[in-house]
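Take a look at the sequence and the 3D structure shown here. Then let's walk through some parts of it together, one piece at a time.

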Amino acid sequence: MAKLKLQINGEEIETEAKEAALLLDVLREGLGLTGTKRGCETSHCGACTVSMDGMAVHSCVVLAARCEGKEITTVEGLSQNGELSELQRLFLKHGALQCGYCTPGMLMAATALLRRNPNPGLEEIKIGLDGNLCRCTGYTGIFEAIQACARGQ
Amino acid sequence: MQTNKHAKGRGFSSVGKPAPRIEGTRKVSGKALYTADTLLPDMIWGKVLRSPYPHARIVRIDSSRAKLQPGVMAVLTASDIPNVLTGRRLQDMPMLARDRVRFIGEKVAVVAAQDRDVAEEATQMIEVEYQELPAVFDPLVAITEGAPQLHAELKSYKGLPKLASSINNVYSHDQWRIGDVEQGFRDSDHVFEDTFTTQHVHQSYLEPHSSVLSIDKETGVVHVWVSNKAPYQTKQSLSDAIGVPAAKIVIHVSAIGGDFGGKGALMDLPLCYFLAQRTGRPVRMIMTYSEELMAGNPRHASVIVVKTGVKRDGALVARQVRAFWNGGAYGAMKPIPSVNLPGAVKATGAYRIPNVRIDSYAVYTNSVPCGHFRSPGLVQLAFAGESQMDMIAKSLHVDPLDLRLQNALRDGDPTPSEGKNGMVDVKCREVLESVADSANWKGFKKSPGVGRGLALSYRNVGIGDANARLSVGPDGIVSLLITYADTGTGAHTILCQMIAELLEIPLGQVKLEVGTTDCFRFEAGTGASRVTFVLGQAVLNAVDKLKALIRDWAAAMLGVSAQEIALEKGRLVSKRQRSRSLSLAQVAAAASASGEPLEVESYHEATETPAEGVFTACVAEVSVDTETGQVHLRELNTVHDVATILNPVGHQGQIDGGIIQGVGYALTEEMVMEDGRVVTLNLGEYKIPNIKDLSPLQTTLVRGNAGAAPFQSKEIGESAISQVAPAIANAVYDAVGVRIMDLPITAEKIFRALRDRNPEDDASSREVVPGIV
């Protein structure tokens, strides 16, 4: 086990984990932040997506030890002072979620996309969310929510 | 007793509005609790060892080395647990393989450890000596006399359906007859017989099967959190498996990360119990996605033979369908009493056919045990039947649309599914005409490599039972308590909308709570497209009871008779003196203060499927690259026969999701098997559609006035999938003249078909010489 200093959702957190611990496990098991989901664990489904220094990464294949010095944001960090982010509100409005399991990952990937590119076209949204699978929604609601967010609605 | 005949007009205040999901805020905040999010103190991991052979005798298991590993807390094999077979209906599946294994992936041993990696590594130290046995993978081979008999003890199994057959390895044979097909074929001008095959596909819910189990040290009560949408059945199954009375088991219903029919079986729960019992610690088991793809309970692969007799004018005279379901090594995953697939009864399609024969065989093979997946059986059968309709149309030189219109079901036409009186208010023709219109079928200008295909299907709601408890608090909040899990369909939101509508209160004044299996005695659970129909009705009945109770209280408080009280916009008003009124909160507060809080309970059971069909049609437009065989889906037009739409966002979401599952089924998804071994063991190789695969989808709704479910609504959850694959298959044929009769429709298959095509072939249906059947 080794000590880890991580920056999660704006907070400095000290925790302990095995050397080879994955960020996903540290978040969920170590820190009880279960918003980030365990899906395929082979970096295909994106249910585990978090933001690392503004980039969307699959936490199931990121070593926690490599995250020292980086800013990690999870879905729990999207709302500010109990207020949902605009993207979260638009996800609700546009039916961008059903079972909700892919949703934290989708939100993190979409947030990272909009940070990089505040006005993405259809193709850019497709590329930005290429690493996130959804089985329920057929993606249409997700598109609409992201486009609405980009339009500033 | 409130019926579903509510407010025939429009002008609803809550029902029919695009209300955001009531559980949505929790979901977008990462606060919704799925099974694996239940973190109990001192919880340990369970990991299984699985069989590498499709069929083998277990000669010897030596787990001594595994037991000695530091951190390993228990290692169990079949000899450590009761000799009990499990199953949702047919109980034919051991919890751990006892003397033999019957599929690659069958559980042989389980290890518990604090650390997940330690548990996993220890499984590899368990030595198992196997003696391989001849295996069978093809259902058509499995049913022959010489094939290995996979379940010698079949007749002793509990839950064996009466439809069990004497055919080798067939454990269920469902059949339907109307008229006389042999005579029908003799009366036909043309008889066509074609064989279609479909692949195993996985539901691919993002949340893998997860189980958490804890035994209360003082009371012995078994607490369960599990990704399972049938908690009461599961509680009973678990009780039977572990030998603990059902009254001492509590299932805490969790949010479920996608189900699509795949989350109803016991899976790892019994093993969690035995490990918890052995170690004194709470246990969790979460399947890896490789395990899901290897040993979940996917959609049955199938071989389907369709034989159809027609008159030269296109009238269907007789249709015989034989469906051979590759059920895998165990029937334990199938929930209906016949242990067959519910879609089989609609095998002959949405057509008026005077002579019909359906034989549906569930067959044992040495591959993964299969279960239910969105419209089970019908998806496979629609691919076969609707492909053949186009092949017949081609042979008769008629437009596939016209052939379907000519034979489309009408009110009162007998069907195997609805019986001799058929259905009422049938919208089959309207749906066909609508899709022809919205897709501009007749006006389509063909260009090289581009084609269109059409398909038609129908289904209906499911039956079952449900409980609802409704109460009003002194704060005026109306609370609904149910134990039907949220699997993502949006059912919970619809129920709240109904309550808000009937009590004339804002949606925000309604709260929904999901309880445990201690709340009610029993109910069927989510699935079978029954939730809005059955649980919705239970909720309506509860609202009726609550209204009566509230009126009585208000009457007493205002000193008038109950008939004098009207419910208007959430207030109880004295009709004679309208200035005298009470809020729900006031009535609830008074009732509470008197020691009789406002609470009602309702149990509803629907035992008969309504004589109603929900018709859907789809036109697919594709372009095919003749050099590579690659199919590009240009557009899908889908039409649905609806009445009241309870929540338009949720409704369209079910269509969007179902359609794209149909696209995956048609084009990209296949659990590739090599001698019973699933080769596609991650979501990179098992390809479900991702966001880049999104094709333009036009939805058209054919609106009627009548629906069997509450507020005159109709089924949608399982309607938007079956017609997609045949529409695409028909479009590919239209585009490049090759007929793919084996799913999925891959570039390789098209390429080979184009390359091997004899210019004289016209890929029409194989015509059997008339008179020879």
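First, some ground rules: residues are numbered from 1 along each chain as its sequence is written, while chains are lettered from A and ligands numbered from 1 in the order in which they are written. This is a predicted model, so to speak of local features we need pLDDT of at least 70, and side-chain atom pairs count only at pLDDT 80 or more, but totals for chains, interfaces and linings use all residues.

Let's start with chain A, which is divided into domain 1 (2-77) and domain 2 (86-150); such bounds come from an automatic or database domain assignment. The C-alpha centres of these two domains of chain A lie 21 Å apart. How many residues of domain 1 of chain A are in contact with domain 2 of chain A? There are 16, and they meet 13 residues of domain 2; "in contact" is used for two residues whose C-beta atoms, placed from the backbone, lie within 7 Å. On the domain 1 side, β3 (49-52) and β4 (55-58) of chain A each supply at least two residues. Helices (H or I, at least four residues) and strands (E, at least two) are DSSP runs, numbered from the N terminus.

Now find helix α1 (residues 23-30) of chain A, where 6 of the 8 residues are buried. A residue is called buried if 20 or more other C-beta atoms lie within 10 Å of its own, exposed if 12 or fewer, and partly exposed in between, with C-beta atoms placed from the backbone. Among the buried ones are Leu23(A), Val26(A) and Arg28(A). Part of their cover comes from β1 (2-8) and β2 (11-17) of chain A. Just after α1(A), Gly32(A) has a positive phi of about 70°.

Next, see where the chains meet: 41 residues from chain A and 45 residues from chain B take part in the contact. On the chain A side, α2 (86-93), α3 (103-116) and α5 (140-150) each supply at least two residues, and α2(A) gives the most, with 4 residues.

Over in chain B, look for an open sheet of 3 strands in the order β22-β23-β24, with antiparallel pairing. Two strands pair if DSSP finds at least two bridges between them.

Strand β18 (residues 450-459) of chain B has 9 of its 10 residues buried, so it is largely enclosed by the rest of the structure. This strand, β18(B), pairs with β26(B) (residues 614-624) in the antiparallel sense over 10 bridges. Leu456(B) stands opposite Ala617(B) in β26(B).
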